[in-house]
Amino acid sequence: MNDFEEKVRKTLANPQNQGEMPDADSVGTVGSPDCGDMLRMWLKFTEKDGKKVIDRASFQSFGCQTAIAVASMATEMLQGKTAEEAAELNAQELSGELGALPPMKIHCGQLVEGALKDALDQDADISAPTSHEGTSQTLSSSMQQKPKGTLRIIPLED
């Protein structure tokens with residue numbers, strides 16, 4: 001087993017921040033029509049030193065083990081970052097301690113990056129954390145409602 005596979009195995013043994021976040025401020029979803037993977041990322045913001053920062057991040061992945069491992073690493077890395085700092089992170093940086101992804105797994109990092117960017121885009125109109133009367137939509141609740149608008153599929157680069 002090579003070093004990358006060992007790091008993925010260890011991360012999968014105890015994935016961090018996996019699951020829906022009902023009180024999230026924004027939610028990003030991305031899917032890859034090529035491989036069939038889908039990833040959703042939830043972000044919760046707070047104010048720290050007069051700046052809006054990511055307090056918590058969580059994810060749900062319908063994909064391969066590498067996508068789960070990268071998402072786990074990324075959600076840990078995002079805590080304490082401003083939206084601007086998070087938006088500057090690329091797929092390779094979001095892989096964290098996993099290191100460079102093998103060529104056939106680069107799309108996993110891009111999947112996580114896409115979900116993050118989509119969540120940040122959803123949050124672009126929010127100027128500061130506010131209390132919400134309701135809660136954000138979860139993946140399971142969204143599947144029970146009639147779809148609104150069109151499905152947004154974000155193509156990932158090879």
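Which backbone oxygen lies 3.1 Å from a polar atom of the side chain of Ser95? I began my notes with that one, and the oxygen belongs to Ala91. A reminder to myself before going on: this is a predicted model.

**Entry 1: around Ser95**

I placed Ser95 in the loop between helix H4 (91-94) and helix H5 (106-123). Buried or exposed, I wondered about Ser95? Ser95 is buried, with a relative accessible area of 0%. I then listed the contacts of Ser95, leaving aside neighbours within four places in sequence, and found Val70, Met73 and Leu101.

**Entry 2: the chain as a whole**

I stepped back to look at the fold. The protein chain holds 6 helices and 3 strands, and from the N terminus on the order is α-β-β-β-α-α-α-α-α. Of the 158 residues in the chain, 42% are buried.

**Entry 3: the strands**

I started with strand E1, residues 26-31. Here 6 of the 6 residues are buried, so E1 is largely enclosed by the rest of the structure. Ser26, Gly28 and Val30 point one way from E1, while Val27, Thr29 and Gly31 point the other way; both sets are buried.

Next I followed the pairing. E1 runs antiparallel to strand E2 (residues 38-48), and 6 bridges join the two. I noted that Gly28 stands opposite Met41 in E2, and that Val27 has Trp42 in E2 as its bridge partner. E1 and E2 form a hairpin with 6 residues between them, and Gly36 in that turn has a positive phi of about 85°.

From Trp42 I could carry on into the next strand, where the bridge partner of Trp42 in E3 is Ser58. E2 and strand E3 (residues 51-62) pair in the antiparallel sense over 11 bridges. They also form a hairpin, with 2 residues between them. Which residue in this turn has a positive phi? I found Asp49, at about 55°.

**Entry 4: the cysteines**

How many disulfides does the structure hold? I counted 0. I looked at Cys64 to see why: the closest cysteine sulfur, in Cys108, is 3.2 Å from the sulfur of Cys64, too far for a bond. My cut-off for a disulfide was sulfur atoms within 2.5 Å. Cys108 is likewise in no disulfide, with the sulfur of Cys64 as its nearest cysteine sulfur. As for burial, Cys64 counts as buried at 18% relative accessibility, since the limit is under 20%. Cys108 is buried too, with a relative accessible area of 0%.

**Entry 5: rings and a charge**

I searched the whole structure for aromatic pairs and came back with 0. What sits over the ring of Phe45, then? I found the charged end of Lys52 there, 4.5 Å from the ring centre.

**Entry 6: Gly114**

My last stop was Gly114, which lies in helix H5. Gly114 counts as buried, at 12% relative accessibility.

Definitions and conventions: Residues are numbered from 1 along each chain as its sequence is written. This is a predicted model: local features need pLDDT of at least 70, side-chain atom pairs count only at pLDDT 80 or more; totals for chains, interfaces and linings use all residues. Side-chain values use heavy atoms; hydrogens and water are left out. Helices (H or I, at least four residues) and strands (E, at least two) are DSSP runs, numbered from the N terminus. Buried means under 20% relative accessible area, exposed over 50%, partly exposed in between (1.4 Å probe, protein chains only). A polar contact is a pair of N or O atoms within 3.5 Å; within protein, one must be able to donate a hydrogen and the other to accept it, and residues adjacent in sequence count only if both atoms are side-chain atoms. Contact means heavy atoms within 4.5 Å. Rings of Phe, Tyr and Trp (its six-membered ring) pair if their centres lie within 6.5 Å; planes under 30 degrees apart count as stacked, over 60 as edge-to-face and the rest as tilted. A charge sits over a ring if NZ of Lys or CZ of Arg is within 6 Å of the ring centre and within 35 degrees of the ring normal. Two strands pair if DSSP finds at least two bridges between them.
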